[in-house]
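Biologist: I would like a close look at a single part of this protein. Please take it step by step, in plain terms.

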Amino acid sequence: MRLFGTNGIREVVGGTLDARFVTDIVGAVAEVHEGKGTAIVGTDARTSSPALGRIAAGTLAMAGMDVLELGILPTPAIQYNVPRLHASFAVVITASHNPPEFNGIKGIAADGLEFPRELEERVEAAYAARRGRTVDFARVGTITPVPDGASRYVDGILSCVNVDRIRQRKLRVLVDCGNGTSTVSSPLLLQKLGVRYVALNATFDGTFPGHLSEPTEANVAGTVRTVTAVGADFGVVHDGDADRSVFIDEKGRYIPGEKMLALFAREAVRAHPGGLVVTPVTSSDAVAEVIAPFGGSVLFTRVGSPVVARAMQEHKAVMGGEENGGLIFADHQLARDGAVTLAKVSEILATTGQPLSELIDSLPPYHLVKEKVACPVPLRAKLLDAVPGLLDADSGGEVTRIDGVKVRTSKGWVLVRPSGTEPLCRIFAESRDRAVAEELARGTARRVASLVEDLERESLARA
Ligand code: MG
């Protein structure tokens, strides 16, 4: 039984995700670790997170483990703390950027990277067998709050950027915490970098009153307008668990995540000529193009930060990340990290003296267009089977199946892939010509939507 998607487990609270489910799955995590050592529990700022976090901590203590409670922290901050507090693993209660009704669980291994798939499979097997464990009264573990998780994390970020240079630049920044976990870290980081900032939505609120937690251009339109209104050098918006950040330049332009990935891939490979950049198949061709002059190469993976981070570790990559604003800087930690990205953007503005708009305009002009189509989870497998025919029929292009189906033609490429976290099918299309990319994405979305309708009708007929 597969429970973990591309980024952990995400379910609706009060539906699949209830107190018993958390007890059973966290009990299974303790079981595969044989109840030994210290475990960390940290959460995002959703309405159910403190409750579910305490259930997780209690379950681990009852399994005989000593528990360190980090409280509400960004996922990358929890990851950063795991090896430094010598924990065997961490359980993170988070649904990242999902809508407010969701919550979720992800596992962090002793090295601070997300659980590899093999470990998730062992947890799923223990869960299916209901193999939890409870110890007797003398061996119940302790539960200890750890209040300095955020400052340890922020200090780690300060050690990998040129703080003096950033201070001298006297930046002004608009930071939008999206009522999520970055509230405890990004304002603190900016303060320590000597950056003057205006903070928006910088209170915890799991109903996300500021805007929905996924930092898409549509969701953060109000923040985009505010950047120019306050005269900021740039704006930054984090998703709920702050492993991602999206940026708005000083002209008030929302910068797509793939542009930031290309910008920092170029910086990393310039500093480490011949370096490798790891990114999923959803990423822009701009990455390969900008690192080629420095002898860099790209390794494409399946979607999901656990896969990207592990591939970076295995192949000693200098940079990695996704097109959604989740960047992984190898000199900090092998985790998607919204706050380190914020520090690195401040640093690049300080060292180049250029405005963000100029840096972005120096990248090749690719246009990556994303669409999504509703697709019930049970139809995923059938949809994937049918997609190659759908795309091959009229393109005649080169097909790759690293994740989903990607078809490349002379005009650009299109990728169709069922989401691993939501009942959706995601469509990505890229071209140097915006109109071509838009037509490729929309045309494919129309065809996928009608395919989903056909599959639904078929499964109704059978039922
Ligand atoms: Mg996230």
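Biologist: How do the residues of the lining of the second largest pocket divide into nonpolar, polar and charged?

Modeller: This is a predicted model. In it, the lining of the second largest pocket consists of 15 nonpolar, seven polar and 12 charged residues. The pocket itself has a volume of about 760 Å³. It is lined by 34 residues, and those closest to its centre are Arg2, Phe4, Gly5, Thr6 and Gly420. Several elements give two or more residues to this lining: strand E1 (9-12), helix H4 (117-128), helix H11 (305-315), helix H14 (380-395) and strand E19 (412-418). Strand E1 gives the most, with four residues.

A separate topic is the metal site. The magnesium ion has four protein donors: Ser96 through OG, and Asp239, Asp241 and Asp243 each through OD. Along the sequence, the donor residues follow the spacing S-x142-D-x1-D-x1-D. Ser96 sits in the loop between strand E4 (89-93) and strand E5 (102-109), while Asp243 sits in the loop between strand E9 (234-238) and strand E10 (245-249), so this pair ties together parts that are 147 residues apart in sequence. Ser96 counts as buried because its relative accessibility is 3%, and buried means under 20%. Asp243 is also buried, with a relative accessible area of 2%.

Note on methods:
Residues are numbered from 1 along each chain as its sequence is written. This is a predicted model: local features need pLDDT of at least 70, side-chain atom pairs count only at pLDDT 80 or more; totals for chains, interfaces and linings use all residues. Side-chain values use heavy atoms; hydrogens and water are left out. Donors are N, O and S atoms within 2.8 Å of the metal (3.2 Å for Na, K and Ca); water is not among the atoms, so sites may look incomplete. Buried means under 20% relative accessible area, exposed over 50%, partly exposed in between (1.4 Å probe, protein chains only). On a 1 Å grid over the protein atoms alone, a cavity is a set of points where a 1.4 Å probe fits but cannot get out, and a pocket is an open set with protein on both sides within 12 Å along at least five of seven lines; lining residues have an atom within 4 Å of a point. Grid points are joined across faces, edges and corners, and a volume is the space filled by probe spheres set on the points. Ala, Val, Leu, Ile, Met, Phe, Trp, Tyr, Cys and Pro count as nonpolar, Asp, Glu, Lys and Arg as charged, and the others, Gly among them, as polar.
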